[in-house]
Amino acid sequence: MTQDLSKQSNRLQEGGRIDRSKPLTFTYNGKQYKGFDGDTLASALLANGVDIIGRSFKYSRPRGIVAAGAEEPNAIMQIGSTEATQIPNVRATQQSLYAGLVASSTNGWPNVEMDLMGLVGKIGGKMMPPGFYYKTFMYPKSMWETYESYIRKAAGLGRAPKENDPDIYDKMNQHCDLLIVGAGPAGLMAALTAARSGARVIIADEQSEFGGSLLSSKEMLNGKPAAEWVKDVVQELSGFDDVLMLPNSQVNGYHDHNFLTIQQHCTDQFADRAPNGQIAQRLHRVRAKWVVLATGAHERPLVYGNNDVPGCMVANAVSTYINRYGVAPGKDLVLMTSNDNAYRAALDWHDAGRNVVAIVDSRKNPQGTFVDAARDRGISIIVGSGVIEAHGSKRVSGVSIAPLNDAGDAVVGPIIKMAADTVATSGGWSPVIHLSCHTGARPVWNDEILGFTPGATYQKQLTAGAINGAFSTAQALSEGVKVASDALSQLGLAKSDVALPETEVVEEGKAMALFHIPHTKPTSKAPKQFVDYQNDVTAAGIELACREGFESIEHVKRYTAMGFGTDQGKLGNINGMAIAAKMLNQTIPQTGTTIFRPNYTPVTFGAIAGRDCGELFDPERYTAMHAWHVEHGAKFEDVGQWKRAWYYPKGNETMQQALDRECLATRKSVGILDASTLGKIDIQGKDAREFLGRVYTNAWAKLPVGKCRYGLMCGEDGMVFDDGVTSCLAENHFLMTTTSGGAARVLSWLEIYHQTEWPELEVYFNSVTDHWSTMTISGPNSRKLLEKLTDYDVSKENMAFMDWKPMTVAGVPARVFRISFTGELSFEINVQANYGLHVWKALFEHGEEFNLTPYGTETMHILRAEKGFIIAGQDTDGSVHPFDLGMSWAVSMQKPFSFIGKRGMQREDCVRENRKQLVGLKTIDPKAVLPEGAQGVLDPKAPVPMPMVGHVTSSYWSANLNRSVAMGFVKGGLNKMGERVFYPLADGRVIEAEICSPVFLDPKGERQNV
Amino acid sequence: MFHIYCPHCCEYREEEEFHAAGQSHIARPLDPDACTDKEWGEYMYFRANPRGIHHELWVHAAGCRKFFNITRNTQTYEIKEVYKVGEKPSVVADEAK
């Protein structure tokens, strides 16, 4: 070997699946290091002898890398070389190393090596029991925000970027016969079986390479290293058109009806920023006919004193770092185990040329293939014992070993101390059942494997391999074939032959149920024994929670924070449950388990948002005349998804100046409004008229063809929810208009009544909102303007108020409605949307002599308020019926059918005295404009809280009247005409108003009847 | 996210195309004016919230715009059947049998 490995003190001279010809430089906490292509950030840090990668959540203790996969609780990193590319909460064990990677610890202040918070942890250890935050920071409530920022900083939660993410994220919908989660031996075998049988297969794995456990072991398949078998299978799978292979892809959520989400890391595994045009991450949304969970198992560490000192690791992680990455994370290893399987870590350590100090086995008489192999190598095995405590502060310096009783819950002999820098432990394996829990299945305890396996589900889900407790490679392979066969037969596909590879014969002795290693001192006095590293939950904390009366594991979890956060209890949950069970004197299944929820690991917001950001966040709807409005300087407001012209300022006009000009011009000569956004529903059928009578409060039986009528629509509770004008186009044909924002809701309302209550009525509804451009010309000169564009006789005699006529306008067929929302002579011109801009422009060509003035929604609101016309949704709020609005004229109680709302508005509460009623509000100071929403009182000197009588719903400055106009609710207001109401404002002013009719302008309606 | 079979389109579609519209089989009283306030209140506001089998009205809002019924287990979210308006469910809760 010629590479300079001098800086990588823990890098082995050979071995591993890394490419030593491709050295990579990366930065961690501001310092440069070297690793190799094929490393994870974690393996590269270990290779460089970086022991401390963070400080703990509560006690601020130094922490090191514990595991090698998704279950890593400590190595949570902030990744990103620029502000815009920051990604928080990345597990170093899951981040591939790339050239120029910049990572930093997410906790530790001022830095992880010398952490001031650590002093608090050391002093405060005893002062921070479980429930500490609840107990300490509850009071005073006003201080919580202060506490919170302190806690967050101390807790070391990652931070979001402050700049916009420059990368593109994407989503993709997928369908398949079989989605296989996990590409270890079981998953690969299932994929191979299904693929050869012609099924559409997706196989996803969180790792950068397929192979799972086979990549980290020295196992042989068909007499060759297992990795070669993996290579062959991957190659064969890649030859199938219907197989989608997704490495670097975490299946994060298992949702209803076999809908799963997969977060694929496309470029963020090899670059800080996606190369131009490439997708950084993609969220696959998969609907699978069948799902195979082959998610494997996580090794459980044992719980012992100071088990969080850097150098304490999970046994299997040690093997993975040696075999897969060519890194031995130390010199002198002590292995503590309750099973045979973990012996492999010591064998790998020994074979890598490092010193195995001892294997400490809790069992009295271990026997099996791996035990023999250890004895053959001359490794010292201390039986019937446990490591009760690790020594050291920033790195393990040694261990205390003591003999244990048969139950493993008491120290029964003298302590031996041994020097070591690494402690690997194994309490057995916990199946990765998280995804199976996402749809609500309760896990089932299995005494044989000392772990939970997936519970019954109605999902079309199968499980194979270690997730079932089938921990050996041989079992995993055969289960992979079996589940694929089951799925194929359910799918009606014939199964092709697949031969199982030959595996080595391994004999393993029985494992011991061991979770928590006793100390000579009681748990509460012993050195801290961590159960959940990420949340700093200790065995003593769980015991305390139980002593304080928490019996349900769900409550213990919430009290101690065990299994919270991004960790989701991957390493610690079962140990925690075992400790609680023992305290409560019951079994683990009796104690129960907590349910895992999506997502399995943190998902970036980028992946969740995908392309639904910026302009694509929500569709914007434009009218046919939108470009004209833009060109003429309109300001826009959002009405639902519509962009509506709000007002058209000229030069340096303020908004109020523009509104005043628009209002005056309209009432003096003529104004024009783009009203295309009004909802329009085409209603046809022989029972259309009957139907209208049922959904509107007024009568429709006698409306002749060619006439329009205003109607109120109520709910069954009698409360107004929409209004509009409906016109009779032909005997069985009507055009209903709705508010701009209410169109979809009204259509749905009509449909549900027709389909579920009155299917016998022959009536059809269709939304035609977008089919028509609508422009309203309003003002005394509107008729003269229209006459310039049509030959049709639009005189009062031929076209009366509330008539509509078909005619040609600007050479285009049009429906013109003589209806008015301003109280002026008005014509609402409707043309096919494609002609909208043409007609609009033609109106302006001929409108110059009349000073034709475009006005927007704000002027429309003012003009209608001058006339006391309501806006459904502004002057109504779902709690007012037509009588509250003083609109009894729009209700026909004599109709034969009990229309929607009739019964509701006759309920006791709806007919009582003193309901809030809509009235006009004339401020005593004509210049004072009431703020909308202001609450009225009858006595401004009443003590606070004053009895409130109703709020202002609409209020504007009226240039036409040279005073303010307003409407609002006042209790019993319709009987209080002329009385005073007061509006005390937040700024101390009190505005006094007289209750009056809401019609401020032209009460006799003379302006529109011309 | 549900995978829902629309009995009118005769296809499975994603939940995004549908809207839930409340409990099924709430018939509007034929003579509302004859109802007491209490009866009208029951009709308007009172709905079952069962754990287990439930009958719900859904609409294929971004599809055929037709309303139809779903029998769904509110615990597992399993859809037991879909059936058209006017039809009766074939799967009912035990206590309702």
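Into which domains is chain A divided? In this predicted model, chain A is divided into domain 1 (19–137 + 149–155), domain 2 (168–297 + 431–491), domain 3 (301–427), domain 4 (522–601), domain 5 (678–767 + 881–909) and domain 6 (771–796 + 803–850). The centres of domain 3 and domain 5 of chain A, taken over C-alpha atoms, are separated by 79 Å, and the C-alpha trace of chain A as a whole spans about 115 × 70 × 55 Å along its principal axes. The secondary structure of chain A comprises 23 helices and 49 strands. Of its 1010 residues, 52% count as buried, and among the contacts in chain A that join residues at least 6 apart in sequence, 67% are between residues at least 24 apart.

The largest nonpolar core contains 106 residues, and those with the most contacts inside it are A:Val334, A:Leu335, A:Ala346 and A:Val387. When residues up to four places away in sequence are set aside, A:Val334 touches A:Val357, A:Ala358, A:Val360, A:Val387, A:Val399, A:Met418, A:Ala420 and A:Val423. In soluble globular proteins, nonpolar side chains tend to be buried together.

A glycine in chain A provides a further example of a buried position. A:Gly187 lies in helix α5 (residues 185–196) of chain A and counts as buried because 29 C-beta neighbours are found inside 10 Å. Its contacts, not counting residues up to four places away in sequence, are with A:Ile180, A:Gly182, A:Ile203, A:Val292, A:Ala294 and A:Gly480. A:Gly187 and A:Cys996, which are 809 residues apart in sequence, are 77 Å apart in space from C-alpha to C-alpha.

Strand β33 (residues 671–674) of chain A is covered on both faces, with A:Gly671 and A:Leu673 buried on one side and A:Ile672 and A:Asp674 buried on the other. In a regular strand the side chains alternate between the two faces of the sheet. β33(A) pairs with strand β39 (residues 772–778) of chain A in the antiparallel sense over four bridges, and in this pairing A:Ile672 stands opposite A:Ile777. With strand β43 (residues 853–854) of chain A, β33(A) pairs in the parallel sense over two bridges, and here the bridge partner of A:Ile672 is A:Pro854.

Eight of the 10 residues of α23(A) are buried, so the helix is largely enclosed by the rest of the structure. The buried residues are A:Thr857, A:Glu858, A:Thr859, A:Met860, A:Ile862, A:Leu863, A:Ala865 and A:Glu866. α23(A) is followed by A:Gly868, for which phi is positive, near 75 degrees.

Chain B has one helix and six strands, and its elements run β-β-β-α-β-β-β from the N terminus on. Its C-alpha trace spans about 45 × 30 × 20 Å along the principal axes. Of the 97 residues of chain B, 15% count as buried, and residues 24 or more positions apart account for 49% of the contacts in chain B with a separation of 6 or more. Four strands of chain B form an open sheet in the order β3-β4-β5-β6, with antiparallel pairing. The edge strands, each pairing on one side only, are β3 (19–23) and β6 (79–84) of chain B, and the twist from one strand to the next averages 30 degrees. Within this sheet, β3(B) and strand β4 (residues 53–59) of chain B pair in the antiparallel sense over three bridges, and B:His19 has B:Val59 in β4(B) as its bridge partner.

The two chains meet at an interface in which 22 residues of chain A are in contact with 20 residues of chain B. On the side of chain A that touches chain B, the largest share, five residues, comes from helix α20 (residues 743–756) of chain A. The residues on this side of chain A divide into four nonpolar, eight polar and 10 charged.

Key
Residues are numbered from 1 along each chain as its sequence is written. Chains are lettered from A and ligands numbered from 1 in the order in which they are written. This is a predicted model: local features need pLDDT of at least 70, side-chain atom pairs count only at pLDDT 80 or more; totals for chains, interfaces and linings use all residues. Two residues are in contact if their C-beta atoms, placed from the backbone, lie within 7 Å. Ala, Val, Leu, Ile, Met, Phe, Trp, Tyr, Cys and Pro count as nonpolar, Asp, Glu, Lys and Arg as charged, and the others, Gly among them, as polar. A nonpolar core is a set of buried Ala, Val, Leu, Ile, Met, Phe, Trp, Tyr and Cys residues joined through C-beta atoms within 7 Å. A residue is buried if 20 or more other C-beta atoms lie within 10 Å of its own, exposed if 12 or fewer, and partly exposed in between; C-beta atoms are placed from the backbone. Two strands pair if DSSP finds at least two bridges between them. Axes are lines fitted to C-alpha atoms, for helices over the stretch in contact, and angles run from 0 to 180 degrees between N-to-C directions. Domain bounds come from an automatic or database domain assignment.
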